[in-house]
Amino acid sequence: MGADNVDAFQRLVFSVPRLRVQAAALVVLSGLYGVATVAAITLFTPFAPDPSRIVPVAVLVFFVPFVVAAELFPRVLDGYPRAWSYFLALTSQFVLFVYALVLSGADNVGNAWSIIWLSFVTLYLINILVLVVSTGIDRSDRILLASLAEPALLIAAFYALGGSELGFSTYRHVFAFASLLIAAGFLVLVLVVVDYLIRSNTDVSAFALTSGLLRNDRESLDLGVEARPSVETFAVDNGSRLTVAAPWVHPGPLGGFGGGQLSGNLIDALNDGRGTDAADRVEVEAAADGGAAAGDAGFFFHVPCTHKEDLSNPADAERLLDAVADPDRTDRASRLVTESYGEREGYADVRFHGRRIGDRQVVVLHGEGIDDYDTGVFMRDVDHDEVLLIDQHRHDIQRGPDVEIQYGSAEADRLKRAFDDFRERLAAADLADDYAAGFSVTRDSQNALAMVERVDGQNVLWIGVDTNGLTPDVRATADAYRDEFDAVIPFSTDTHASIHELANMRESDVDAIERAVDRAVDDLAPATVGFESRRADPVKLLKNDYNGLVFSVNILIRLTIIALVTLYALLVLWLFF
């Protein structure tokens, strides 16, 4: 994700096994943990429990408390997924087993008592923390009560298995229960303070944000300022129509929050025939019945911009869609012009591809090691009706760059000089009147575009995927086509639609991409091409509120971790000393 600086959220995402698998694991692990616990006590302590104790330990200690908690949480917390609840139970079960192994090394009864109660307190705190983070701080009262079920059943199991025979005083019991309640109170206080501090700075609940990301909810952020961004529309017509939306809006910040699902929403709408003029809608409806427009398709271009241009309200995507135009088109275009400015401007690789379309220009930018650019870096004095500027955003999806070019910086000035120089060179390119194109959009496992352009005998392949950067297999696939085409332009939409994808995606459906390329080649035919820019109706963009949101989240996530480590250290000192 690079310069957006919210990498911490990626650490929250993982795949939870199916419920049946987790339930079976809970049963099997209960037996294994019971055997291992009794064996460890037999080997490393003066006690010699009878092997018949294995079953009570497995059932009362490692099974009943956790299966009860796993079934209780979804019922008390409406909408909480059972699969998540069972995963939390499995995690807590493992934590208790670790404590059981530690317990087998206790050198006296007093330390054993402290270890037992430290395990109860730890499990209680784990449940509170996970449930608050995944459901929200507003449910803390129910969470505090529901989370007590697990330690309460463990305490009952402890006494049922002979804990009362150890002869601990009433004072020790009161002290232990007080530790449990004090620790829970301290944790909730930390979480409330974290939520308050983020709300006071950005008017967004940290826990509403986190739980929404985990659930992939579609939410609006009450942040930002009103703006009317330009929406550029690139269109190709070879008998069928390709419409590509290029709004000057960043497709973020994350998941369903704000404009995180913008690119996917626009791609879906354009492929469903929305966002075009009334006459085009009629053609698309005819296509559904096998009409002439059956090949019509749509996609999304990422322009060079930053998270300051994120939508705060996901519903505003409709206003961007309404600004998608039906551009005038021409068959006169130049061959693709390519120029690298890396060595002369001090960057590892800054490269422009460009093509004249009539008296207008389409320019594609790649800056190696650069993530995003302020909108004014390139376009501050350029008419959007004259130039369509596209950011390839082709970096590795899991090892993205962390450099963001700020308007007014020395780096921005160097890039602007390179851009202006390239436009002058492109303006001198000769036009030919034999523009041809073919395209195919795949919408199976992921949205992808293959487009082939031919001008004056030069063949250019575009490969676009609706991801945040490119997986290695897509990059390799693009490289493999360089022997077949005069130029290959791989690009991503920089989507932030799925935090799960951002965290876990390692490969793409390259077979589908290759099939799309084959279809695009077969579809190659004389065509017309053009683009147009329109202003959208007012929408809310995050602008500088994004910085406040990100800085608060990053600082307070780290502050929370420090507070939790401190809490645990204090618990150890409290119970043992």
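A: Contact means that heavy atoms lie within 4.5 Å of each other. One thing to keep in mind is that this is a predicted model.

Q: Zooming out, how many helices and strands does the protein chain have?
A: The protein chain has 19 helices and 22 strands.

Q: How much of the chain is buried?
A: Of the 577 residues in the protein chain, 56% are buried.

Q: And what share of the contacts joins residues at least 24 apart?
A: Taking contacts between residues at least 6 apart in sequence, 79% join residues at least 24 apart.

Q: Why would nonpolar side chains be buried together?
A: As a general point, nonpolar side chains tend to be buried together in soluble globular proteins.

Q: Which residues touch the most other members in the largest nonpolar core here?
A: Phe234, Val236, Phe352 and Phe378 do, in a core of 75 residues. Helix 15, residues 410–427, gives the most to this core, with six residues.

Q: What else is there besides that core?
A: There is a second, separate core of 53 residues, and it includes Val95, Phe97, Ile116 and Ala183.

Q: Back to Val236. What is it in contact with, leaving aside neighbours within four places in sequence?
A: Val236 is in contact with Arg241, Leu242, Tyr435, Ala437, Phe439, Met451, Ala527, Thr528 and Val529, once those neighbours are left aside.

Q: New topic, helix 3. How many residues does it have, and what is its reach?
A: Helix 3 covers residues 64–76, which is 13 residues. From its first C-alpha to its last it reaches 18 Å, close to the 18 Å expected at 1.5 Å a residue.

Q: Which residues of helix 3 are buried?
A: Pro65, Phe66, Val67, Ala69, Ala70, Glu71, Phe73 and Pro74 are buried in helix 3.

Q: What do they pack against?
A: The buried residues of helix 3 pack against several helices, among them helix 1 (19–44), helix 4 (82–103), helix 6 (140–147) and helix 7 (149–160).

Q: How do the axes of helix 6 and helix 7 cross?
A: They cross at roughly 20° and come within 5 Å. Angles under 35 degrees count as roughly parallel, so helix 6 is roughly parallel to helix 7.

Q: Which residues meet there?
A: Leu145, Ala146 and Ser147 in helix 6 meet Ala149, Glu150 and Pro151 in helix 7. By class, this contact has four nonpolar residues, one polar and one charged.

Q: What about Ser263, where is it?
A: Ser263 is in helix 10, residues 262–271. Ser263 is buried, with a relative accessible area of 0%.

Q: And what does Ser263 contact, neighbours within four places aside?
A: Leaving those neighbours aside, Ser263 is in contact with Pro251, Phe300, Asp466, Thr493 and Thr495.

Q: Now a loop residue. Where does Thr306 lie?
A: Thr306 lies in the loop between strand 7 (297–300) and helix 12 (317–322). Thr306 counts as buried, at 1% relative accessibility. Not counting residues up to four places away in sequence, Thr306 touches His250, Asp372, Tyr373, Asp374 and Glu404.

Q: Where is there a cis peptide bond?
A: A cis peptide bond joins Gly252 and Pro253, with omega about 15°. Pro253 is in strand 5, residues 253–254.

Q: Last one. What is the phi of Asp456?
A: Asp456 has a positive phi of about 50°, although Asp456 is not a glycine. Asp456 lies in the loop between strand 17 (447–455) and strand 18 (458–465). With a relative accessible area of 45%, Asp456 is partly exposed.

Terms used
Residues are numbered from 1 along each chain as its sequence is written. This is a predicted model: local features need pLDDT of at least 70, side-chain atom pairs count only at pLDDT 80 or more; totals for chains, interfaces and linings use all residues. Side-chain values use heavy atoms; hydrogens and water are left out. A nonpolar core is a set of buried Ala, Val, Leu, Ile, Met, Phe, Trp, Tyr and Cys residues joined through side-chain atoms within 4.5 Å. Buried means under 20% relative accessible area, exposed over 50%, partly exposed in between (1.4 Å probe, protein chains only). Helices (H or I, at least four residues) and strands (E, at least two) are DSSP runs, numbered from the N terminus. The expected span of a helix is 1.5 Å times one less than its number of residues. Axes are lines fitted to C-alpha atoms, for helices over the stretch in contact, and angles run from 0 to 180 degrees between N-to-C directions. Angles under 35 degrees count as roughly parallel, over 145 as roughly antiparallel, 65 to 115 as roughly perpendicular and the rest as oblique. Ala, Val, Leu, Ile, Met, Phe, Trp, Tyr, Cys and Pro count as nonpolar, Asp, Glu, Lys and Arg as charged, and the others, Gly among them, as polar.
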